[in-house]
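Today I'm looking at the ligand and what surrounds it, and then at some charged pairs.

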Amino acid sequence: MRPWLGDAEQAAVAEVIASGWVAQGPRVESFESAFADRVGANHAVAVSSCTAALHLALVLLEIGPGDEVVVPSLSFIATANVVRYVGAVPVFAEVDENTQNITPATLGDALSERTRAVIAVHQAGCPADMHALHAVCDPKSIQLVEDAACAIGSTIDGQLIGTHSELVTFSFHPRKVVTTGEGGMLVTAREDFASRSRALREHGMTVSALERHRSDVPVVEQYLETGFNYRMTDLQAAVGLVQIGRLDAMVARRRELATRYVELLGDIDGVRLPRDPEHGTTNFQSFCVGLPVDGATARDRVMACMADRGVSTRRGIMATHLEPAYRDPAVALPITERIAATTVVLPLFHEMTEAEQDRVVDALRETLVAVRS
Ligand SMILES: *Cc1c(COP(=O)(O)O)cnc(C)c1O
């Protein structure tokens, strides 16, 4: 991944510095309304990361000790970590082989009497089938939170991700499509969730620093509950405002390059390529390819061979339940384990040229021949 940053972002940051207001302030406010407008949501609350947004989502739902939250193991580890932050227990669900997402079928035995919430991840940008997941969770009063860290610009039934659940979280880490360096967004239709999360991100205070600054008379704030410092800075928001204006161009270019990858790699035996699911479209945040190899050692050899040819790759999505922080011999998730061991992410970034893409394709073809012989 290479972020698409340019003169407009530089100028926007310079303007913030010249203004003298660099912490959370007017640009964060503007970024929030631009973001909410863009995804068609009522409220967007900017925070320091998607991890912070997910943590706040579980706090808003008052999930705590004694509760279980079902998450896919096949995700970045933050999805499980936030469950532990609130003292609840993450329970790992299997994923669908094609979309790498949870489905009603894969939730299976993960749901129990103690399940208070499910976190659905739109893995690598591929939208999970939220209509089907709501049909399972809503009748049981199980809250459904969307970890849309990777999925800005992806759609379900023609509608941008952000409004299919009451709480949806986004990331602006440079590995995602839209970046602010670090940053996240909590999107919600509920006014009470929006106002409480605005207080929670700012130490639980009743009046923000910006509101106090705007007042003609001295205002003394109160602290209603234990909050956090999860603020985004105006420096970051200024970058985000420029980036969100380019969302359509970013997604269109990624989809164009992904289509070209599918054309160029489609005939290689045993290689599995990402595609749109039936219910929506992906932003191809990661172009994650399944390799015809029998395990992680062979996959690592492919990555080393690609690196020898000057092409950088990354392993595909991790399996959280195999990490020391979560290892439990009682948990077996064969599809998750196979995907985690046999996938790689190929280079894909906005300014990638066709010649660069051809080099990646040639390197992968040569590597697979070399590794098989
Ligand atoms: C990147 C990512 C996160 C964490 O986002 P941060 O903004 O870095 O906290 C969480 N979940 C998923 C699925 C991710 O890909």
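Predicted model: local features only at pLDDT ≥ 70, side-chain atom pairs only at ≥ 80, totals over all residues.

I sorted the shell around the ligand by class and got five nonpolar, six polar and two charged residues. (Nonpolar here is Ala, Val, Leu, Ile, Met, Phe, Trp, Tyr, Cys and Pro; charged is Asp, Glu, Lys and Arg; the others, Gly among them, are polar.)

Numbering runs from 1 along each chain as its sequence is written, and side-chain values use heavy atoms, with hydrogens and water left out.

Which residues come nearest to the ligand? Of the 13 around it, I noted Cys50, Thr51, Asp147, Ser171 and Lys176 (near means a heavy atom within 4 Å).

Asp147 has a polar side-chain atom 2.8 Å from a ligand nitrogen.

Then I looked up salt bridges (a Lys or Arg side-chain nitrogen within 4 Å of an Asp or Glu carboxyl oxygen). The whole structure has 21 of them. One joins Glu9 and Arg246, with N to O at 2.9 Å. Glu9 is in helix 1 (residues 7–19) and Arg246 is in the loop between helix 9 (234–244) and helix 10 (247–265), so this pair ties together parts 237 residues apart in sequence. (Helices are DSSP runs of H or I, at least four residues, numbered from the N terminus.)

Methods
Polar contact = N/O pair within 3.5 Å; in protein donor to acceptor, adjacent residues only side chain to side chain. Helix = DSSP H or I, 4+ residues; strand = E, 2+ residues; numbered from the N terminus.
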